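Here is a short briefing on one protein chain. Look at the structure first, then read the points below.

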Amino acid sequence: MGQPPLRPWQREALNAYRDTQAVAGRRDFLVTATPGAGKTTFALAVAGELMRRRVVDRIVIVCPTDHLRTQWADAAAVFGLVLDPKMSNAQGPVPGGCQGYVATYAQVAARPAIHAARSGRMRSLVVLDEIHHAGDGLSWGEAVGEAFGEAHRRLSLTGTPFRTKAGERIPFVEYETDGDLLRSKADFTYGYRRALADRVVRPVVFAAYSGVSRWRNSAGEVIAASLTGAGTKSVETAAWRTALDPAGGWVPHVIAAMDERISQLRSSGMPDAAGLVLASDQDDARDYADVVRRITGRKPVLILSDDAAASKRIERFRGSDERIAVCVRMISEGVDIPRAACLAWMTSYRTPLFFAQAVGRVVRARNSREAATVFLPAVRPLLALAAELEQDRNYVMAPPPPVEDDLDALADPLPREPAEPGGGKIEVLDSEAEFAHVLHSGRAVVSAGGSGRETPGAGPVAVSEDDQEYLGLPGLLSPEQTAALLATRDSDLRRRVASMPRDPMVDAAERETGTGWRAAADLRREVNQLVARVAARTGKPHATVHSQVRRAVPGPASAAADPDLLSARRDHLLGLL
């Protein structure tokens, strides 16, 4: 069977591999390539060449999940390589007729000695897929080092060269000191920026949604904060976790927005377009699946890590016409679903590693007419990660901190039940969503004319002719057009979500507090609309009009204002018109 044609970067990397391995004593090669670029194809091209040249006699692939074992074996078959994806630790030699096998990191960690025997018995090429899973501080890293320390050749792959914990060196990776940091030395790097220019990956537009979250603190006070304008990390954490509550208004609104985008993609040249809803845990995933069913009228595919049929569900979704899958972490890395073009970020994970891998699920290009859209909360950690997506960088690892130091609170997932800074529990009440802006190439882009929101740092963006030519790929909406589409559909989505049956717990909370959150939300939108009218009449920016209104009718920002204050501001704005 002939080898599939290689992309230019894969041919370049293959030549770099040949040059490196010509150096006496070199057994290792590290490739950093953006998710969706085709690392599997490159690795199998190397494997096929080494087998043909009789440099190696066996191929061992190590990957993160069971589902990827089958995916690797299927891809290898295209190269004429037979790899066993089901081989267990209880088996002895590699079955006859197979050139090797595929294992998971967990499998290697369970019995490293058996893998050392298999890879040492014959000259072996060991491919370590997503090598960042093998940090030295973890049992997987120690096992990988023991199992493959004597392998004839090792090829390490990663799409996300980041770590979030200190003291986790990766086996078979070289490091150099960079000030107080350790930086890996990749033998070949292919970043998102270059892959985008080569049209190997889809352009990504991030649709950021703000909104107001409300919760009751341990003292019984009702707190309201905007996702965009939260002042401290603790308030931001509480607002973010509240927004992710499926009983509130933020989740259904954003799911409805993604459903609309899928419909738009299907009607404009991508008939099999699909979306992924990414949840933090299995409880959230089940709740989000219920919301998807109520919003769209169709039951989504639910993919849970403890489901024995999860791999089969992924494979069925990959080739089906289903619109949406709701999943947890297992689909965030390496899973190939080319028709997935939308991602709803309903998870509280926010490490660079996880972010890049998850976004990588929707950027795999099939042709130059497709784009990806990621719907996410307009919170600073995620907006920063989105803005940095196109930056090329090597693996960076901070030195171990003193034991007393508190690691960055944004490295781990948000707690399911957020607490106040002092440790007191909070009670989630409600949330609402409002389109804020799209983020493209690190720029915040709003629709023409704006929407009168108090959104710091998200003003209109001037677009040069060069930008217009680049962004206006055939068949694609530009970021400005996407922003306009999402903004104009926002009120329709709000009515669509409002028609859903209400959660009785939310209704009870509103009756108990006597605040009438729905009425306050309507007043807030009315104030924003009046600000837009005043701005259009006077030629002043929306932010300036908002500031003038707050001086005339003193009090907190609209996100935290009560209905009486909002009514007073509405009356003041009507007087200006």
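The protein chain in this predicted model has 19 helices and 21 strands. Of its 577 residues, 53% are buried.

**Whole chain**
- Among contacts with a separation of 6 or more, 74% are between residues 24 or more positions apart.
- The chain exposes about 23900 Å², and 51% of this area comes from carbon and sulfur atoms.

**The sheet**
- Seven strands, paired in parallel, form an open sheet.
- Read across the sheet, their order is β3-β4-β2-β5-β6-β1-β9.
- The edges are β3 (83–84) and β9 (188–190). Each of these has a single partner strand, so one side of each is left without a neighbour in the sheet.

- Strand β3 runs parallel to β4 (residues 100–104), and 2 bridges join them.
- Aspartate 84 has tyrosine 101, in β4, as its bridge partner.

**Helices on the sheet**
- Helix α3 (residues 66–78) packs on the sheet, where it touches β2 (58–63), β3, β4, β5 (124–128) and β6 (153–158).
- The direction of α3 makes about 155° with that of β4.
- Helix α6 (residues 139–148) also packs on the sheet, touching β2, β5 and β6.
- The direction of α6 makes about 165° with that of β5.

Note on methods. Residues numbered from 1 in each chain as written. Predicted model: local features only at pLDDT ≥ 70, side-chain atom pairs only at ≥ 80, totals over all residues. Heavy atoms only, no water. Helix = DSSP H or I, 4+ residues; strand = E, 2+ residues; numbered from the N terminus. Buried < 20%, exposed > 50% of the residue type's maximum accessible area, 1.4 Å probe, protein only. Contact = heavy atoms within 4.5 Å. Areas by Shrake-Rupley, 256 points an atom, 1.4 Å probe, with all protein chains shown as cover. Pairing = 2+ DSSP bridges. Axes fitted to C-alpha atoms, helices over the stretch in contact; angles between N-to-C directions.
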